[in-house]
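User: I am new to reading protein models. Please take me through this one by question and answer.

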Amino acid sequence: MRFSQLVVALPSLIGSANANQNWEGWAGSGNQTKWSNPSYSPDVVDIDVAIIGGGSGGIHAAIQLKDAGASVMVIEKKDQIGGHTETYTNPTTGVVTNVGVIVFENTDLVKRYFARLRVPIITNALETPSSRYDFALGIPIPPPDDQQEAIQAAVQAYTENVLSKYGWIDQGFLVPDPVPEELYLPFAQFAENYNFSALLPLIAELNWYTGNITTLPALYGIKGLGPGLLGSAFGEFILSGTGNSRSLYDAALKELGSSVLLSTTILNIDRHSNSTGVTLLVAQRGSAPKTIRARKLLVAIPPILKNIWSFDLSRQEQVIFSKFFSLGYYAGVAHVPGFDGSFTNVGAFTPFNQPIIPGNNGFIATGSPGEFLIGGGFDRGDVTDEEGKELVRENLATLAAVGAVPADAANSVTFPYTSDHTPYHVRVTAEDIKAGFYAKLLALQGSRNTYWTGAAFTGHNSALVWNWNEGTIVPGLKKDLGLE
Ligand SMILES: Cc1cc2nc3c(=O)[nH]c(=O)nc-3n(C[C@H](O)[C@H](O)[C@H](O)COP(=O)(O)OP(=O)(O)OC[C@H]3O[C@@H](n4cnc5c(N)ncnc54)[C@H](O)[C@@H]3O)c2cc1C
């Protein structure tokens, strides 16, 4: 989820000791790796739940499990927790810009989580940047006609006929079996059937970049507008009261202390030798490998095969996870001397005025001179750093040609902070949805002492991930651990 319209500019190495790296006594790579030095015995830690991934889902689960009396160990590959929650601080002005996560749904669960970590909150409504352009064609787009009545009617139709029918939208992908045909229809067709087409531009904007809003399967479309998001979009969102979304993770790190291993690589996972638990061999940068023996494993990283190659995947897990593909998202802060505006990218001739892809959703002023937020959406999940920057240069060149930005903007632009948020929106095809993919995915929970959380299991929105944890994952783990 990305809220480009809400301008909030209030006041590293990626810890990848590569798993192929030659640790003393460690030989080989991938699933063939073997501990080859019997005289060396790594530290052994015994805990209740090992959590792979210290992002939104992993950290929320860790706090809930700790509060329930479980011992946990979070294994995070980067040198900070928080996943997509990243910030950039301008060294001259001191202005902090939330580059990833900015706003949160205004729900009781979100309020409770912030209160639990003693992070203050504020609330705010969406703001609309003043200037609209088609960034690919250089066409200025006039302010939209007043759609108030059409939108109100669409909200009513959507609430009465869709939200009431699919009560699990704000939970996991709890897709009924058999799968209703309408859930794999192209979303625009589904919207037309239910008379809420006027909401499509908003859904596309709130969930930027969610894929082609016209053609994506309806399941993913409705996931982008559950009751929590709808209420916040037409009311107010929650933001960190410090102006820095990372305050949540600073507080969580304090709370979890040595239960978080940063800059840590997983060398091996054994989930089958011992039916009562799992064993992980991990290596934290600069330290000797450690063995973690856990009664349960919670995987909180995007479950695409590239990420879980070192897991001892069963045949069934391999088949299921190989279905996933993702979109790409490149975010950051760019600087152009003499440019201080905020622009939204609006497709001049596209259905529902979606920006042309690849494209940035906007250039949003951060509050520091010449500096703006960027957010590039791609239809594929293998975006390079250079491609992300080149897209900004292309968009600036087009805007410069119509005098919207300084003439040399495409050459003078620099990038004080960038980050690749790929894989974004980890999904399957309409055919796979139809074939019951999500029932099979759900059936994996708890099997081989392993639970799975994160956006792929519920949708790309922090509140949905936390709902999923609180409604399904944490209760399952507590039951298994005898903590109820
Ligand atoms: C640019 C952007 C802006 C967003 N804005 C908002 C917003 O304003 N509001 C909102 O509610 N949601 C927002 N979202 C969505 C929200 O960030 C996600 O829904 C949420 O982060 C998903 O949580 P997750 O736990 O699945 O993944 P993540 O939060 O990404 O966590 C995964 C973690 O696992 C780690 N990891 C990955 N592989 C490994 C490995 N092999 N070993 C160990 N660790 C590993 C990663 O480093 C990361 O820390 C935004 C997303 C993006 C990309």
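Analyst: The questions below go through parts of this predicted model.

User: Which strand pairs with E4 over four bridges, and in which sense?
Analyst: E4 covers residues 72–75. Its partner over four bridges covers residues 43–52. Within this pairing, Val72 of E4 is the bridge partner of Val49. The strand is E3, and the sense is parallel.

User: What handedness does the β-α-β unit of E3, H1 and E4 have?
Analyst: The two strands of the unit, E3 and E4, pair in the parallel sense. Helix H1, residues 56–67, is the helical part of the unit. The handedness of the unit is right-handed.

User: Is Tyr209 buried or exposed?
Analyst: Tyr209 sits in the loop between helix H5 (200–206) and helix H6 (218–223). Not counting residues up to four places away in sequence, Tyr209 touches Leu327, Tyr329, Ile357, Gly377, Phe378, Asp379, Tyr424 and His425. Its relative accessible area is 4%, and the cut-off for buried is under 20%, so Tyr209 is buried.

User: How far apart are the C-alpha atoms of Tyr209 and Asp379?
Analyst: Asp379 is among the residues that Tyr209 touches. Along the chain, Tyr209 and Asp379 are 170 residues apart. The separation of their C-alpha atoms is 8.8 Å.

User: Which residue meets Lys296 in a salt bridge?
Analyst: Side chains of opposite charge can pair when their charged atoms come close. Here the N to O distance is 3.9 Å. The pair links distant parts of the chain, with Lys296 in strand E14 (residues 290–299) and its partner in helix H14 (residues 462–481), 184 residues apart. Lys296 is buried at 10%, and its salt-bridge partner is Asp480.

User: What is the N to O distance in the salt bridge of Arg380 and Glu387?
Analyst: Arg380 is partly exposed, with a relative accessible area of 34%. Glu387 also counts as partly exposed, at 29%. The side chains of Arg380 and Glu387 meet with an N to O distance of 2.6 Å.

User: Which helix holds both Glu390 and Arg393?
Analyst: Glu390 forms a salt bridge with Arg393, their closest N and O atoms being 2.8 Å apart. The two residues are three places apart, about one turn of the helix. The helix, residues 385–401, is H10.

User: Which helices do the buried residues of H3 pack against?
Analyst: H3 covers residues 148–163. Its buried residues include Ala154, Val155 and Tyr158. They pack against H4 (187–193), H6 and H7 (227–233).

User: How many residues apart in sequence are the parts that Tyr88 and Tyr417 tie together?
Analyst: A search of the whole structure finds 26 aromatic pairs. Tyr88 and Tyr417 form a tilted one, 6.0 Å centre to centre with 45 degrees between the planes. Tyr88 lies in strand E5 and Tyr417 in strand E20, so the pair ties together parts whose separation in sequence is 329 residues.

User: Is the aromatic pair of Trp452 and Phe457 stacked, tilted or edge-to-face?
Analyst: Trp452 is buried at 1%, and Phe457 is buried at 3%. Their ring centres are 6.5 Å apart, with 25 degrees between the planes. Planes under 30 degrees apart count as stacked, so the pair is stacked.

Notes
Residues numbered from 1 in each chain as written. Predicted model: local features only at pLDDT ≥ 70, side-chain atom pairs only at ≥ 80, totals over all residues. Heavy atoms only, no water. Buried < 20%, exposed > 50% of the residue type's maximum accessible area, 1.4 Å probe, protein only. Contact = heavy atoms within 4.5 Å. Pairing = 2+ DSSP bridges. Right-handed = clockwise from strand over helix to strand, strands pointing away. Salt bridge = Lys/Arg side-chain N within 4 Å of Asp/Glu carboxyl O. Phe/Tyr/Trp six-rings, centres within 6.5 Å; stacked < 30°, edge-to-face > 60°.
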